[in-house]
Amino acid sequence: MSPLWLSLKLAACVASLLLVIAMPIAYWLAYSTWRGKFLLEAVVALPLVLPPTVLGFYALLAMGPAGPLGKFWNAAFGHGLAFTFGGLLIASVFYSFPFAVQPLMGAFESVDGKLLNASAVLGASPWRTFRSVILPLSLPGIVTAVVLCFAHTLGEFGVVLMVGGSLPGVTRTASIAIYDQVQSLEYGQANRMALVLLLISFAVLSVVYAVNRHAGRRLWTPWAAK
Amino acid sequence: MDAVGREITAMLQVRVRKSRRGAGAHRQPFVLDVSLDFPPGITILFGPSGAGKSTLLDCIAGLLRPDTGSVRVGTEILFDSAAAVNIPVHQRRIGYVFQSLALFPHLTVEKNIGYGIAHLPAAEKQRRIDEILSAFRVAELRRRKPAEISGGEAQRVELARSLITDPRVLLLDEPMTGLDDDLKALIIEDLRAWRTARNIPILYVTHSKGEARALGDHCVNMHSGTAASDIPHLSAGSSSGF
């Protein structure tokens with residue numbers, strides 16, 4: 001598999017996995033009244049400020065043959081987790097976590113509480129309120145979350161380097177391939193792949209901003225003050 | 001006996017105490033402490049803002065949890081702190097029209113009105129929607145979104161959305177704020193007609209003496225979390241009053 005396809009596959013897997021994982025967490029963060037909530041918010045935001053090497057280092061420790069995740073994986077699937085696509089996927093999910101949780105949480109919080117009360121008073125269970133009111137009104141935030149996770153995973157380098165190594169077809173993503181090509185002075189090849197990544201990233205971000213504009217309000221992006 | 005029996009079972013009995021931390025201008029802690037019986041018919045809740053009218057409605061609907069006390073409709077207990085009973089909001093079957101409009105912005109008028117009766121078979125649901133759309137003279141708006149209708153129309157849709165669920169108690173928190181007098185008269189007419197068809201307690205919060213006079217069978221004056229009522233007080237379970 002070419003590095004570019006691998007990158008796209010990884011990004012698509014991360015985005016869809018995170019949508020499922022981040023949804024309940026964002027819901028809980030948006031509506032819980034627990035006082036210690038800020039602690040979990042800080043944990044969720046950690047990958048924004050941590051160097052990818054730190055995250056990658058701990059991921060590697062956890063996934064290694066002696067780490068808890070590595071042991072579990074070995075027992076369940078009969079092979080290790082480090083330097084595999086699965087391992088890369090797990091580390092990438094952690095790395096893009098805030099990019100899924102924060103836009104979703106922002107979108108959930110911006111749904112007028114009075115509509116949630118109205119829904120409950122009209123006999124709707126919390127689950128139905130989530131499906132019929134919160135989810136449709138949060139659609140721009142959901143699109144933002146998916147697209148940002150996709151783009152962010154496409155652009156990751158440090159984590160992939162730490163956890164994935166550079167095994168062709170398995171963990172050698174586009175960003176790693178570019179680095180390798182530059183190291184071996186293949187500037188032409190590096191240039192081509194860099195340009196493709198640039199164009200894809202631009203297209204993806206255009207979608208985020210178009211959706212935000214269409215929604216008539218600014219949703220969360222990592223580059224704008226909330 | 002039948003008529004008397006029905007009236008007694010439909011009675012809403014509220015004994016609640018709820019303290020809230022200070023909010024608003026004076027930041028004084030506020031305590032709602034009332035013991036009220038609401039018979040079928042329209043009871044006006046009257047009083048200055050901050051008197052606890054909305055807090056009382058929230059406690060009845062289940063949006064707020066009283067510190068102590070009980071809320072019951074007829075023989076059914078909705079809340080009882082002593083017995084640790086607290087029926088969730090969505091299972092209480094209490095209609096509530098909020099002070100500010102709360103139509104779902106992403107749904108059409110028709111879908112908004114049908115929201116509370118989603119469990120009914122499709123044909124029956126459609127029949128009820130059509131019926132109430134024309135009763136409230138909003139049938140021509142059925143395909144529009146809330147942003148595309150006027151404030152007065154939204155008010156009527158909101159009322160229709162609550163009434164269609166056949167609530168056993170109806171709470172109206174200043175449902176006609178900001179409407180002109182003609183529209184008010186129309187809606188009051190709708191409400192009166194509906195009230196005679198269904199014999200349930202209706203609590204109506206208003207600042208307007210005119211609305212109070214036009215609608216109220218009874219009046220409860222609230223002040224600083226306490227209430228004075230002109231309703232003959234019934235002790236729970238007693239039928240001697242009627």
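## Burial in helix H6 of chain A

A residue is taken as buried if 20 or more other C-beta atoms lie within 10 Å of its own, with C-beta atoms placed from the backbone. By that criterion, in this predicted model, H6(A) is mostly covered, since 12 of its 13 residues are buried. The buried residues of H6(A) are Phe97(A), Pro98(A), Phe99(A), Ala100(A), Val101(A), Gln102(A), Pro103(A), Leu104(A), Met105(A), Gly106(A), Ala107(A) and Phe108(A).

These buried residues of H6(A) pack against several helices of chain A, namely H1, H2 (37-49), H5 (85-95), H8 and H9 (139-154).

## The packing of H1 on H6 in chain A

One of the partners of H6(A), helix H1 of chain A, runs over residues 3-31, while H6 itself covers residues 97-109, and the two pack at an angle of about 45° with their axes 8 Å apart. Angles of 65 to 115 degrees count as roughly perpendicular and those under 35 as roughly parallel, and H1(A) and H6(A) are therefore oblique to each other. Their crossing is right-handed.

On the H1(A) side, the residues that meet H6(A) are Leu18(A), Leu19(A), Ala22(A), Met23(A), Ile25(A), Ala26(A), Tyr27(A), Leu29(A) and Ala30(A). Facing them in H6(A) are Phe97(A), Ala100(A), Val101(A), Leu104(A), Met105(A), Phe108(A) and Glu109(A). Sorted by class, this contact of H1(A) with H6(A) has 15 nonpolar residues, no polar residues and one charged residue.

## Ala62 in chain A

Ala62(A) belongs to helix H3 of chain A, which covers residues 52-63. With 21 other C-beta atoms within 10 Å, Ala62(A) is buried, because the cut-off for burial is 20 or more. Leaving aside residues up to four places away in sequence, Ala62(A) touches Gly67(A), Pro68(A), Leu69(A) and Gly70(A). By contrast, Val49(A), which is 13 residues apart from Ala62(A) in sequence, is 20 Å apart from it in space, C-alpha to C-alpha.

## Chain B and Ser54

Chain B contains seven helices and 11 strands, and buried residues make up 39% of its 242 residues. Among the contacts in chain B between residues at least 6 apart in sequence, 72% join residues that are at least 24 apart.

Ser54(B) is found in helix H2 of chain B, residues 53-61, and is buried, having 20 other C-beta atoms within 10 Å. Not counting residues up to four places away in sequence, Ser54(B) touches Gln99(B) and Asp173(B). Phe98(B) lies 44 residues from Ser54(B) along the chain, and the C-alpha atoms of these two residues are separated by 9.0 Å.

## Contact between chains A and B

The contact between the two chains takes 13 residues from chain A and 15 residues from chain B. On the side of chain A that touches chain B, helices H7 (113-121) and H8 (126-137) of chain A each supply at least two residues, and the largest share, six residues, comes from H7(A). By class, that side of chain A has nine nonpolar residues, three polar residues and one charged residue. Helix H8 of chain A is also among the helices against which the buried residues of H6(A) pack.

Notes. Residues are numbered from 1 along each chain as its sequence is written. Chains are lettered from A and ligands numbered from 1 in the order in which they are written. This is a predicted model: local features need pLDDT of at least 70, side-chain atom pairs count only at pLDDT 80 or more; totals for chains, interfaces and linings use all residues. Two residues are in contact if their C-beta atoms, placed from the backbone, lie within 7 Å. Helices (H or I, at least four residues) and strands (E, at least two) are DSSP runs, numbered from the N terminus. Ala, Val, Leu, Ile, Met, Phe, Trp, Tyr, Cys and Pro count as nonpolar, Asp, Glu, Lys and Arg as charged, and the others, Gly among them, as polar. Axes are lines fitted to C-alpha atoms, for helices over the stretch in contact, and angles run from 0 to 180 degrees between N-to-C directions. Angles under 35 degrees count as roughly parallel, over 145 as roughly antiparallel, 65 to 115 as roughly perpendicular and the rest as oblique. A crossing is left-handed if the near helix is turned anticlockwise from the far one by less than a right angle, and right-handed if clockwise.
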